[in-house]
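This report describes a protein chain through its strands, its aromatic residues and its surface. The sequence and the structure are shown first, and the description follows.

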Amino acid sequence: MRLGADLVAHTVDLPLLDVHGRPEAHFLHEESRATFRSGFEAGPRLRTDLNAAVSRSVFKQDDSTSLKAGRNAAFRAGHPLRSGLTVSLLPRLAYGRLERAPVSLSGWEAAVGGEFAAKAFGSDFGFARGELELTGGLIPRPSWNLAGQARLGTKTGHDFQHKHYLGGLDSVRGFLDGQL
């Protein structure tokens, strides 16, 4: 049994781009998040996790110029950016074995997980998100490390802060509905 907790507070400068890479809006996203982690190794290759998270998101518009103010107003008309509290459960089941060293990754792992938030938990938002993930790494030579990840996910709701993240092995780039 593994137990742990994380506390993160950050402000992210969000210059949002349209599908053609042009500036569409500009916001600051202030987020404070506490995650309580529990995990259980059910066997040499089977692991389960049940985490609980509480986060507060605050969006602030950067209306420092009339151009930014106009873009922000147009963006908010079509995309919900709601500040608020999210309380969620995050179950996950993984099979396989990944060996993580400071600068390398070897082995493979397949996982299914989700996140569920509801007003019954005390959340301002209600949504469900599910994800399938396959991650693998190979060290063909001592100075080489090849790594890859495939993810497939779906969600309910349209709130900005609950989107899926796409990109590298642990990306921070997210996309809104209709942007891909």
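## Contacts and layout

Leaving aside neighbours within four places in sequence, Thr 35 is in contact with Gly 4, Ala 5, Asp 6, Asn 51, Ala 52 and Ala 53. Thr 35 is found in strand 2. With a relative accessible area of 7%, Thr 35 is buried, because buried means under 20% relative accessible area.

The coordinates are those of a predicted model. The secondary structure of the chain comes to 1 helix and 7 strands, and from the N terminus on the elements run β-β-β-α-β-β-β-β. Of the 180 residues of the chain, 28% count as buried. The accessible surface comes to about 10,900 Å², and 61% of that surface belongs to carbon and sulfur atoms. Among contacts between residues at least 6 apart in sequence, 54% join residues at least 24 apart.

## Strand pairing

Strand 3, residues 46-61, pairs with strand 4 in the antiparallel sense over 12 bridges. In this pairing, Leu 46 stands opposite Tyr 95 in strand 4. Strand 4 also pairs with strand 5, in the antiparallel sense and over 12 bridges. There, Tyr 95 stands opposite Ala 110 in strand 5.

Another residue of strand 5 is Leu 105. At 8% relative accessibility, Leu 105 counts as buried. The C-alpha atoms of Leu 105 and Gly 136 are separated by 7.5 Å, although these residues are 31 residues apart along the chain.

## Aromatic pairs

How many aromatic pairs does the count give? The count comes to 2 aromatic pairs. Phe 27 and Phe 75 form a tilted pair, 6.0 Å centre to centre with 50 degrees between the planes. This pair links distant parts of the chain, since Phe 27 is in strand 2 (residues 23-41) and Phe 75 is in helix 1 (residues 66-78), 48 residues apart. Phe 27 is buried, with a relative accessible area of 0%, and Phe 75 counts as buried at 2% relative accessibility.

Tyr 95 and Trp 108 form a tilted aromatic pair as well, 5.8 Å centre to centre with 55 degrees between the planes. Tyr 95 lies in strand 4 and Trp 108 in strand 5, so the pair ties together parts that are 13 residues apart in sequence. Tyr 95 is partly exposed, with a relative accessible area of 45%, and Trp 108 counts as partly exposed at 38% relative accessibility.

| Residue | Relative accessible area | Class |
|---|---|---|
| Phe 27 | 0% | buried |
| Phe 75 | 2% | buried |
| Tyr 95 | 45% | partly exposed |
| Trp 108 | 38% | partly exposed |

## Surroundings of Trp 108

Which residues does Trp 108 touch, not counting residues up to four places away in sequence? Trp 108 touches Arg 45, Tyr 95, Gly 96, Arg 97, Leu 98, Leu 134, Thr 135 and Gly 136. Tyr 95, one of these contacts, is also the ring partner of Trp 108. Gly 136, another of the contacts, is the residue whose C-alpha atom is 7.5 Å from that of Leu 105. Trp 108 and Gln 149 are 41 residues apart in sequence, and their C-alpha atoms are 9.6 Å apart in space.

## Nonpolar surface patch

Leu 46, Leu 93, Tyr 95, Trp 108, Val 112, Leu 132, Leu 134 and Leu 152 make a nonpolar surface patch of about 740 Å². Strand 4 (84-101), strand 5 (104-117) and strand 6 (127-138) each supply at least two residues of the nonpolar patch. Leu 132 has its place in strand 6. This residue is partly exposed, with a relative accessible area of 45%. Patches are made of residues with over 30% relative accessible area, and Leu 132 at 45%, Tyr 95 at 45% and Trp 108 at 38% meet that cut-off.

Key. Residues are numbered from 1 along each chain as its sequence is written. This is a predicted model: local features need pLDDT of at least 70, side-chain atom pairs count only at pLDDT 80 or more; totals for chains, interfaces and linings use all residues. Side-chain values use heavy atoms; hydrogens and water are left out. Patches are made of residues with over 30% relative accessible area and no salt bridge: like charges are joined within 9 Å, nonpolar side chains (Val, Leu, Ile, Met, Phe, Trp, Tyr) within 5 Å. Accessible areas come from the Shrake-Rupley method with a 1.4 Å probe; for residues, only the protein chains shown count as cover. A salt bridge is a side-chain nitrogen of Lys or Arg within 4 Å of a carboxyl oxygen of Asp or Glu. Helices (H or I, at least four residues) and strands (E, at least two) are DSSP runs, numbered from the N terminus. Buried means under 20% relative accessible area, exposed over 50%, partly exposed in between (1.4 Å probe, protein chains only). Two strands pair if DSSP finds at least two bridges between them. Contact means heavy atoms within 4.5 Å. Rings of Phe, Tyr and Trp (its six-membered ring) pair if their centres lie within 6.5 Å; planes under 30 degrees apart count as stacked, over 60 as edge-to-face and the rest as tilted.
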